[in-house]
Amino acid sequence: MNSQSFTTKYPGLVNVLITDVSISLPSTDISEINTIDKHSFIGIWDTGATSSCITQNVVKKLDLKPISITKMTTGGGVFDRNVFLINIYLPNKVTIPFVKVVEVSDLTQDTNDKVEVLIGMDIISMGDFSITNKDRKTCFSFRIPSIVETDFVKEFNKAYTKNIGRNDPCPCGSGKKFKNCHWNELKST
């Protein structure tokens, strides 16, 4: 399985996921990927966005030509927007060819960075997307394609019940033995 992934660690808790993103004209020629002309931008990840977007500045910088027009629904209404075909390069050489992106006028955020690219659910749903905040430091990981299912409840239940004997008191506090209370429920997860 050919998997690509990256991890970005932030020095503290963050409420906006920002990463470097490079963009090029679309190409599937693997020999070109390392030599193709790429332009670097700041990208924001948005699980609330259906499609990935680029600003008019990106369109001008790459001299992109629209392939179609789509209707975009925002809080401000419904608008006709140009659609472009590009390659997207994420950190650690994660490459996503032939991505349809929608042009927007601006992606202003409450950050110090000038955000020019929005990574939406069209890309996020291609793989595994994870955010953890251990020790008050945000760690963001992304991998394509999806390899394993992450289930925090199942993970917790296995770890939690690992050292509890069948005849021990149930950790739920019922006063019953574990085997007569939550044994089957927690052991089956």
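Accessible areas here come from the Shrake-Rupley method with a 1.4 Å probe, and for residues only the protein chains shown count as cover. By that method the protein chain exposes about 11700 Å², of which carbon and sulfur atoms supply 49%.

The model is predicted, so local features need pLDDT of at least 70 and side-chain atom pairs count only at pLDDT 80 or more, while totals for chains, interfaces and linings use all residues. Residues are numbered from 1 along each chain as its sequence is written, and side-chain values use heavy atoms, with hydrogens and water left out.

**Whole chain**

Start with a cartoon of the protein chain, which has five helices and 10 strands. Helices (H or I, at least four residues) and strands (E, at least two) are DSSP runs, numbered from the N terminus. Next, colour by burial: buried means under 20% relative accessible area, exposed over 50%, and partly exposed in between (1.4 Å probe, protein chains only). Of the 189 residues in the protein chain, 35% are buried. A contact means heavy atoms within 4.5 Å. Among contacts between residues at least 6 apart in sequence, 56% join residues at least 24 apart.

**Nonpolar cores**

A nonpolar core is a set of buried Ala, Val, Leu, Ile, Met, Phe, Trp, Tyr and Cys residues joined through side-chain atoms within 4.5 Å. Select Ile23, Trp45, Ile54, Ile88 and Leu90: of the 27 residues in the largest nonpolar core, these touch the most other members. At least two residues of this core come from each of β2 (18-24), β3 (39-45), α2 (56-62), β6 (77-90), β7 (94-104), β8 (115-119), α3 (121-124) and β10 (139-144). Another core, of 11 residues, lies apart from it; Ala49, Val83, Val102 and Val115 are among its members.

Which residues does isoleucine 88 touch, not counting residues up to four places away in sequence? They are Val21, Ser22, Val94, Thr95, Ile96, Val99, Val101, Ile119 and Ile123.

Move to asparagine 87, also in strand β6. Asparagine 87 has a relative accessible area of 0% and is therefore buried. Draw a C-alpha distance from asparagine 87 to valine 99: the two are 12 residues apart in sequence and 6.0 Å apart in space.

**Phenylalanine 6**

Select phenylalanine 6, in strand β1 (residues 4-9). Because its relative accessibility is 3%, phenylalanine 6 counts as buried. Leaving out residues up to four places away in sequence, phenylalanine 6 touches Thr19, Trp45, Leu90, Pro91, Asn92, Val94, Phe140, Ser141 and Phe142. For serine 141, the C-alpha atom is separated from that of phenylalanine 6 by 5.8 Å, although the two residues are 135 apart along the chain.

**Second largest pocket**

A cavity or pocket is found on a 1 Å grid over the protein atoms alone: a cavity is a set of points where a 1.4 Å probe fits but cannot get out, and a pocket is an open set with protein on both sides within 12 Å along at least five of seven lines; lining residues have an atom within 4 Å of a point. Grid points are joined across faces, edges and corners, and a volume is the space filled by probe spheres set on the points.

Select Gly48, Ala49, Thr50, Ser51, Cys53, Thr70, Lys71, Met72, Thr73, Thr74 and Val102, which line the second largest pocket. The volume of this pocket is about 240 Å³. Strand β5 (residues 68-74) gives the largest share of the lining, five residues. By class, the lining has four nonpolar, six polar and one charged. Ala, Val, Leu, Ile, Met, Phe, Trp, Tyr, Cys and Pro count as nonpolar, Asp, Glu, Lys and Arg as charged, and the others, Gly among them, as polar.

**Loops**

Go to the loop between β9 (128-132) and β10, where aspartate 135 is placed. Aspartate 135 has a positive phi of about 55° although it is not a glycine. Aspartate 135 counts as exposed because its relative accessibility is 59%. Arginine 136 is found in the loop between β9 and β10, with a positive phi near 60° in a residue other than glycine. At 61% relative accessibility, arginine 136 counts as exposed.

Proline 145 lies in the loop between β10 and α4 (152-161). The peptide bond from isoleucine 144 to proline 145 is cis, with omega near -10°.

Finish at lysine 176, in the loop between α4 and α5 (183-187). Is lysine 176 buried or partly exposed? Its relative accessibility is 47%, so lysine 176 counts as partly exposed. Not counting residues up to four places away in sequence, lysine 176 touches Asp168, Pro169, Cys170 and Cys181.
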